[in-house]
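Biologist: I am new to this structure and would like a close look at a single part. Please take me through it step by step.

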Amino acid sequence: MKNAWFVSFIRFPMLIVALFFLFLLLKIVGLSFRFPFLPEFSNVYFTIVNVFCFYLLHRLLKKEGRSIKDIINFRMERVGKDILFGMLWLVVLYVPFVVTILGIMFVMYGPDLFEHFPTVFAGNEDIFSFPRPGWLLWLTAGISFVFPFLNAPIEELMYRGYAQPLFISHLKKVWVGIFIPSVGFALQHIILAVSLQGAIVYAAAFFVWGIGSGIIFHKQKRLFPLIVCHFFVNIAFGVLPLIFLISGQT
């Protein structure tokens with residue numbers, strides 16, 4: 001069961017390390033901005049971590065006599081149905097996700113919650129408002145194009161496809177098996193926050209998303225629809241660098 005714990009929580013420290021080294025690298029090449037980065041640069045260090053996680057998961061499954069293909073259980077004859085289910089799960093998961101965001105914001109700020117959205121989720125705009133070199137924009141835009149195709153399957157494979165069934169099998173409690181990977185799933189997303197309040201909101205909202213995804217996977221026994229759902233969500237993160245590129249912020 002130690003592998004399930006490892007897979008559930010390894011991404012957060014890996015993301016911190018990747019973020020730190022990329023920050024140092026860009027400092028070395030002469031870019032001057034405040035830590036922890038440009039908002040559109042998260043796709044880069046997430047993609048780097050995804051590559052390492054793919055390798056780690058492949059090695060773990062190989063030792064267990066399984067494969068990534070086995071967990072995804074892709075079936076050509078079910079593609080259409082799986083895509084439709086993925087779109088359905090997007091709606092089903094999005095509702096509690098948004099409700100959680102609004103609920104946490106209301107707890108922190110009361111009826112004036114909407115006035116605090118820019119501060120909580122955008123932070124100090126002065127930190128991010130500086131000219132981006134053209135090569136950096138093209139780099140982030142290129143990686144962002146690949147990002148949804150790699151991030152969606154890797155995260156679903158690790159949290160839902162691999163860790164969750166192992167926890168349920170060993171602990172004999174479904175709710176615990178869903179709960180633990182959801183904590184790891186939520187934890188990794190706080191690195192996207194630009195404020196402490198944002199980190200709290202992200203942790204709560206993505207935890208709820210993880211719980212919902214875990215329940216769906218446990219009931220449906222199909223991972224590919226959740227990968228499709230996750231893919232649609234990740235596309236939004238891939239759009240931001242392209243907007244910067246098209247708008248000509250060089």
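In which helix is the place of Asn151? Start there, and then follow that helix to its neighbours.

Modeller: A word first: this is a predicted model. Asn151 has its place in helix α8, which covers residues 134-171. Is Asn151 buried or exposed? Its relative accessibility is 1%, and buried means under 20%, so Asn151 counts as buried. Its side chain makes a polar contact with the side chain of Asn50, at 3.0 Å. Leaving aside residues up to four places away in sequence, Asn151 touches Arg11, Phe46, Asn50, His230 and Asn234.

Now follow α8 to its partner, helix α9 (residues 174-189). The two axes come within 7 Å and cross at roughly 150°. The crossing of α8 past α9 is right-handed. On the α8 side, the residues in contact include Glu155, Tyr159, Arg160, Ala163 and Phe167. On the α9 side, they include Val174, Ile178, Pro181, Gly184 and Phe185.

Two of these residues deserve a second look. The charged end of Arg160 sits over the ring of Phe185, 4.5 Å from the ring centre.

Between the two helices comes a loop, and Lys172 has its place there. Lys172 has a phi near 60°, a positive value in a residue other than glycine. Most residues other than glycine have a negative phi. With a relative accessible area of 68%, Lys172 is exposed.

Back to the rings. Tyr159 and Phe185 belong to a cluster linked by ring pairs. The structure as a whole holds 20 aromatic pairs. Take Tyr202 and Phe206: the ring centres are 6.1 Å apart and the planes stand at 90°, so this pair is edge-to-face. Both residues are in helix α10 (residues 196-220). Why are they separated by about one helical turn? Because they are four residues apart in that helix. Tyr202 counts as buried, at 19% relative accessibility. Phe206 is buried too, with a relative accessible area of 11%.

Technical notes: Residues are numbered from 1 along each chain as its sequence is written. This is a predicted model: local features need pLDDT of at least 70, side-chain atom pairs count only at pLDDT 80 or more; totals for chains, interfaces and linings use all residues. Side-chain values use heavy atoms; hydrogens and water are left out. Rings of Phe, Tyr and Trp (its six-membered ring) pair if their centres lie within 6.5 Å; planes under 30 degrees apart count as stacked, over 60 as edge-to-face and the rest as tilted. Buried means under 20% relative accessible area, exposed over 50%, partly exposed in between (1.4 Å probe, protein chains only). A charge sits over a ring if NZ of Lys or CZ of Arg is within 6 Å of the ring centre and within 35 degrees of the ring normal. A polar contact is a pair of N or O atoms within 3.5 Å; within protein, one must be able to donate a hydrogen and the other to accept it, and residues adjacent in sequence count only if both atoms are side-chain atoms. Contact means heavy atoms within 4.5 Å. Axes are lines fitted to C-alpha atoms, for helices over the stretch in contact, and angles run from 0 to 180 degrees between N-to-C directions. A crossing is left-handed if the near helix is turned anticlockwise from the far one by less than a right angle, and right-handed if clockwise.
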